[in-house]
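Open the model in your viewer and keep the selection tool ready. We will go from stop to stop.

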Amino acid sequence: MDTAIVLTFLSLASFLFLSVPIGVAIGMSVIVGIWAGDMLPYEFLIQKMVTSLDVFPLMAVPFFIMAGEIMQKGSMAQRLLTVSKSLVGHITGGMAHISILTSMFYGALSGSAPATVAAVGGIMVPSMKKEGYSTSFSTAVNTAAGCLGVMIPPSVPLIIYGTTAGVSVGDLFIAGVIPGIFVGVCLMICSYILSKKHGYTGSGERATFKEILTALKDSIVALMVPLIVLGGIYGGLTTPTEAGVIAVLYAFVAEGLVLRTLSWKKVTEIFKGTALTTASIFLVVATATALGQILLFYNVPDMLVNFLVGVSDNKYVLIPIILVFLLIMGTFMDALANILILTPLLLPVVKVLGMNPIHFGIVMIVCASMGFLTPPVGVNLFVGCSIGNISIEKLSAAVMPFLFTMILALLAIVFFPPMALWLPGL
C-alpha cells in the first residue's frame, strides 16, 4: 500500500488516541496524506471541504436538529411518556418498557441518540429509581434505548449516509421504520427477561381503552411530527429538506403557541444548540469527504474490494466479516465519521455481493448506533452516567445484555433484507 495512505491512517489513529476532536483529527490526517503523497496541493483540502457541503440534501440536517432541540426544550417527551405508560406500564418491567417505547416515539422526533437519552432518560431514570429499579438497570435501559433515536427516521446519520452513498434519503427514511421498531421490540424483550430475573414488576393495572384514548389525544401534537415528515416524503409531496423545514415550523407553532412551553430564553438556547451541533457535524462531513477523496485517488476502495473478494466470494462469509469490522470501528470512531469514511470503502464490496445500498445503509446505521454504547467514544454512556450518577465502568457492564440483543437484531436485519426493503418497495 502507498506510504501516503499508511501515514494518513496512522496519523488519524494517533490524533484520535490523543482525543483530538474528530473533525480536526480527520482534517489534520488529510494534510499528512497530502504532504506524504506530494501529488496533491494543500488547497485540495479546502476545495473538498467547501464542495462537500454544497449538497442540497445536507440542508435537511440543521432543520431536523433544530426540530429536535425545540421538542427537547418543550413538553413533547413528557406527553409521549404518558402514552407509553398507558400502553405498556402494566407489563413486567413496565417502567423499562415505558422508557423504550417513549424513546421509539421520541427518536422519530429528535433523530439524535444522545438527545433521546437526555430527554427520556432525564425523566425516566429518577422515576425508575423511586419505583425500586436498580440504578445500573435504569440507566442501562435508557442509554440503550437512546440508540433508537438514530435508527427511526428522521435521522441525521441516514441523511449523511444517503448523501455519501448517492441514494435516496426518502427511501432510507422509509426503510428505517421497520428495523427501528424491530430493534425496539427486541430491547423490550430483553428488558422483560431481565425484569423477570430481578423481580421488577409492572403497575399491575392495564389502562382502560378510554385512558389510552385520552393519552393519545393529549399527545397528538407530538405524534403528528413523524406522520407529517414521513407522510410528506413518502407521498411525494416534499423532499427530506422541505420536510425538515416543515418539522421546524410545526414544532415552533406546537410548542410555542399551542402548548406554550417555550420562553425567549429557551428559543435562544435552541438556536445556540442547533448552531453548535450543526457546526460540529458539518466539520466532520467536510473533512471526511476530503479524506474519502484521497482514498479514492489512491484506489483504496478497489484494493479493499479485491482483497475481500480474494478471501471469499460467499456473502455469508464476507458480510459477517464486514459487520465485525464495522462494530470494532464503532468503538473507536464517531458514528458520522464512520459513515463518511467507511461508506465509500465498503459500498463497492457489498454491491459485488449483491446487497442493496439502501439495505446496507440501514445495516450501517444500526452498527453505528451501537458505537454510542461502547467506550471510549460512546456518547450515550457519558450522557447516561451524568443522568444516573453512575460510573462508566458499571454502566458499560450493565448495558452489555442490551448490546448483545442489538447484535442479534442486526443479524436478523442483515440476513432478512425484506425487513428494510419492503416498505420502500425495493
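Select helix H14, residues 220-234. This is a predicted model, so treat each stop as a look at a prediction. How far apart should the ends of H14 be at 1.5 Å a residue? Its 15 residues should span 21 Å.

Then step past the end of the helix. H14 is followed by Gly 236, whose phi is positive, near 75°.

Next, select helix H16, residues 264-297. With 34 residues at 1.5 Å each, H16 should span 50 Å. Its end C-alpha atoms are 49 Å apart, which agrees. What follows H16? Look for Asn 299, which has a positive phi near 60°. Most residues other than glycine have a negative phi.

Another positive phi is waiting at Asn 389. Its value is near 50°, and the residue is not a glycine. Asn 389 sits in the loop between helix H21 (379-388) and helix H22 (392-398). Is Asn 389 buried or exposed? Its relative accessible area is 71%, over the 50% cut-off, so Asn 389 counts as exposed.

Now go to helix H12, residues 177-198, and pick Ser 191. Ser 191 has a relative accessible area of 0%, so this residue is buried. Which residues does Ser 191 touch, leaving out those up to four places away in sequence? Show Ala 96, His 97, Ile 100, Phe 137, Val 141 and Phe 402.

Move on to the loop between H12 and helix H13 (209-218), and select Arg 206 there. Arg 206 is exposed, because its relative accessible area is 63%. Arg 206 and Ile 91 are 115 residues apart along the chain, yet their C-alpha atoms are separated by 8.3 Å.

Time for the cysteines. A disulfide is a covalent bond between the sulfur atoms of two cysteines. How many disulfides does a search of the whole structure find? The count is 0. Click Cys 190, which is in no disulfide. The nearest cysteine sulfur belongs to Cys 186 and is 9.5 Å away. Cys 190 counts as buried because its relative accessibility is 9%.

Then click Cys 385. The closest cysteine sulfur is in Cys 147, 14 Å away, so the two are too far apart for a bond. Cys 385 is buried as well, with a relative accessible area of 13%.

For the last stop, turn to the surface. Select Val 6, Leu 7, Leu 10, Ile 31, Trp 35 and Tyr 42. They form a nonpolar patch with about 580 Å² of accessible area together. Which elements give two or more residues to the patch? They are helix H1 (3-17) and helix H2 (22-37). H1 gives the most, with 3 residues. Finish on Ile 31, which lies in H2. Its relative accessibility is 39%, so Ile 31 counts as partly exposed.

Methods: Residues are numbered from 1 along each chain as its sequence is written. This is a predicted model: local features need pLDDT of at least 70, side-chain atom pairs count only at pLDDT 80 or more; totals for chains, interfaces and linings use all residues. Side-chain values use heavy atoms; hydrogens and water are left out. Helices (H or I, at least four residues) and strands (E, at least two) are DSSP runs, numbered from the N terminus. Buried means under 20% relative accessible area, exposed over 50%, partly exposed in between (1.4 Å probe, protein chains only). Contact means heavy atoms within 4.5 Å. The expected span of a helix is 1.5 Å times one less than its number of residues. Patches are made of residues with over 30% relative accessible area and no salt bridge: like charges are joined within 9 Å, nonpolar side chains (Val, Leu, Ile, Met, Phe, Trp, Tyr) within 5 Å. Accessible areas come from the Shrake-Rupley method with a 1.4 Å probe; for residues, only the protein chains shown count as cover. A salt bridge is a side-chain nitrogen of Lys or Arg within 4 Å of a carboxyl oxygen of Asp or Glu. A disulfide is a pair of cysteine sulfur atoms within 2.5 Å.
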